[in-house]
Amino acid sequence: MRPVVVLGVGLIRFGRYPDVPVAELGQRACWAALDDAGVAWRDIPVAYCGHAFQGSTMGQRVLNRIGLTGVPIINVENACASGSTAFVAAYQAVASGMYDVALALGVEKMSFKGMIDATRPDDIERPLGTGAMPTKYALIARRYMDDYGLTAAALAQVSVKNHANGCRNPYAQHQRRLTLDEVQQSRMISDPLTLYQCSPTGDGAAAAVITTEAVARQRSAGPFVRVAGCAVGSQVFVPGEPDDISEITKRTSRRAYEMWGGGPDDLDVVELHDCFTIAEICHYEGLGLCGEGEGQHLLASGATGIGGRIPVNPSGGLLSRGHPVGATGMAQIAEITWQLREQAGERQVTGAKAGVTHTLGGGGGMACAVTVLTR
Amino acid sequence: MTRTVPIRDGLFHVPPSGAAPPHLIGSRCDDCARSFFPSKNQCPRCSGRALAEIALSPRGTLHTYTVIHQAPPGYAGPVPYVVGRVELPEGERVLAPIVGVAPSGLRTGMPMELVIGKAFDDPEKGEVVTYQFRPAREPVRP
Ligand SMILES: [Zn+2]
């Protein structure tokens with residue numbers, strides 16, 4: 001495999017764009033990534049587009065607006081991990097030697113949707129009302145609270161932290177500081193998860209241009225943001241846990257770490273899949289930032305805040321930056337790239353040299369994508 | 001008398017006139033002995049294709065639960081409502097509506113038993129019934 005670097009990234013602020021077609025949202029993100037990379041669309045030989053709800057040939061609908069160049073455009077669907085899976089596919093295309101440059105895009109318009117329901121029309125969970133995403137994570141939360149003595153207030157603190165970070169991110173959907181009281185007093189969705197402990201749905205798009213280190217060196221002296229490791233995983237059988245989110249995160253992140261040759265202690269910054277507050281606590285553990293059952297203590301210690309030992313979700317995460325599902329993974333790639341280039345403004349993690357992105361897709365964890373970027 | 005129809009065929013069995021308690025219909029893998037609910041035609045653990053229908057134990061313990069205040073689309077019952085995972089002796093954790101207990105009375109680990117009860121009223125079909133769990137009562141001995 002050849003060394004691969006991130007040449008450019010771009011995204012649009014996540015939020016609600018009722019009057020802008022989804023293809024134009026994607027187009028704007030591609031413009032930003034192409035401009036950042038200093039590459040013209042006509043010089044891109046292959047593109048991967050991740051989305052979950054936009055119907056067929058979404059990538060073509062975006063990229064045909066930019067120019068009909070005839071290149072392969074490959075659409076990727078892995079629910080909330082669609083964008084991050086598209087990035088891994090683009091990495092494989094370049095690392096393998098098949099292409100010298102690739103564009104990866106994540107795009108989603110879902111402000112027309114309410115709560116995400118993981119069920120299919122003929123699933124028994126639909127009439128029983130048991131299949132909504134907040135329900136799946138509320139069930140995980142309740143068990144975790146009883147197993148490890150996590151309190152409702154400690155859980156809600158995840159949202160307080162991530163909204164404080166999102167206030168420093170001009171691309172975040174919710175740029176509003178929330179108090180613990182506001183988070184806990186917001187409308188109950190699925191106990192113990194209140195409204196502000198659930199990531200908002202919205203519209204968004206994010207993109208990246210990647211190339212080989214050799215091609216990048218012809219253009220500048222660097223330093224470059226390198227794709228040090230990446231992995232996509234699906235489920236294994238976990239007894240009694242059809243909606244497992246922990247085993248898949250552990251196994252997929254270990255594969256990415258192994259490819260990198262580093263581990264959780266070598267990371268400086270993390271963007272992980274905080275679709276609900278409990279998810280962030282569980283993923284501290286799954287990614288190896290702390291031991292099992294220690295997630296709440298890691299949060300309470302301040303270690304995962306900006307300025308802490310291992311800042312998590314400096315962008316605001318899904319809770320504050322927003323979660324237009326197919327775009328989320330690519331927004332994480334953009335955030336870690338900026339952090340490693342020291343271009344993250346008010347939310348910069350000082351001296352960040354290695355960062356990881358982590359997304360989960362499907363009811364619980366049907367798909368997981370993890371990427372390690374280093375400088 | 002109200003006409004009752006199961007929410008779906010093949011999920012549970014109610015023996016006539018209370019001869020025995022109702023049970024969930026599951027399947028058990030011939031190769032690795034894992035049991036599943038609902039029934040599967042192939043084992044996701046070992047990929048075995050030979051699975052036999054079994055009557056799952058009607059009792060288990062409450063592994064986890066939540067009180068849902070905002071119902072997803074497609075649900076036609078009362079709100080708020082309780083949903084939980086009940087761990088059966090066979091190892092499967094069944095996601096099901098929880099009835100017969102106030103939210104303040106819910107505890108993980110509490111013994112539960114299967115009941116068949118109303119899910120919602122369908123104007124055409126009648127009363128639609130489903131599997132549910134409630135806190136286990138002392139066995140009634142004649
Ligand atoms: Zn088996």
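This report walks through the cores, open spaces and strands of a predicted model.

## Ground rules

The model is predicted, so local features need pLDDT of at least 70 and side-chain atom pairs count only at pLDDT 80 or more, while totals for chains, interfaces and linings use all residues. Residues are numbered from 1 along each chain as its sequence is written, chains are lettered from A and ligands numbered from 1 in the order in which they are written, and side-chain values use heavy atoms, with hydrogens and water left out.

Helices (H or I, at least four residues) and strands (E, at least two) are DSSP runs, numbered from the N terminus.

## Two nonpolar cores

In soluble globular proteins, nonpolar side chains tend to be buried together. A nonpolar core here is a set of buried Ala, Val, Leu, Ile, Met, Phe, Trp, Tyr and Cys residues joined through side-chain atoms within 4.5 Å. Buried means under 20% relative accessible area, exposed over 50%, and partly exposed in between (1.4 Å probe, protein chains only).

The largest nonpolar core has 46 residues. A:Tyr137, A:Leu267, A:Val270, A:Phe276, A:Ile278, A:Tyr284 and A:Leu289 touch the most other members. Helix H5 (residues 133–148) of chain A gives the most to this core, with 7 residues. A second, separate core holds 38 residues, including A:Ala93, A:Ile210, A:Met330 and A:Ile336.

## Two residues up close

A contact means heavy atoms within 4.5 Å. Leaving out residues up to four places away in sequence, A:Ile278 touches A:Tyr137, A:Ile140, A:Ala141, A:Tyr144, A:Leu150 and A:Leu155.

A:Ser159 sits in helix H6 (residues 152–166) of chain A. Why does A:Ser159 count as buried? Because its relative accessibility is 0%.

## A cavity and a pocket

Rolling a probe the size of a water molecule over the atoms shows where empty space is left. The search uses a 1 Å grid over the protein atoms alone: a cavity is a set of points where a 1.4 Å probe fits but cannot get out, a pocket is an open set with protein on both sides within 12 Å along at least five of seven lines, and lining residues have an atom within 4 Å of a point. Points are joined across faces, edges and corners, and a volume is the space filled by probe spheres set on them. The whole structure has 1 cavity of 30 Å³ or more. Helix H13 (residues 325–341) of chain A gives the largest share, 3 residues.

The second largest pocket has a volume of about 570 Å³. Of its 23 lining residues, A:Ile140, A:Tyr144, A:Glu241, A:Asp244 and A:Ser246 lie nearest its centre. H5(A) gives the most to this lining, with 7 residues. The lining divides into 7 nonpolar, 4 polar and 12 charged residues. Ala, Val, Leu, Ile, Met, Phe, Trp, Tyr, Cys and Pro count as nonpolar, Asp, Glu, Lys and Arg as charged, and the others, Gly among them, as polar.

## Strand E3 of chain B

Strand E3 (residues 23–29) of chain B is mostly covered, with 6 of its 7 residues buried. Two strands pair if DSSP finds at least two bridges between them. E3(B) pairs in the antiparallel sense with strand E5 (residues 51–55) of chain B over 5 bridges. There, B:Ser27 stands opposite B:Glu53. E3(B) also pairs in the antiparallel sense with strand E4 (residues 35–36) of chain B, over 2 bridges.
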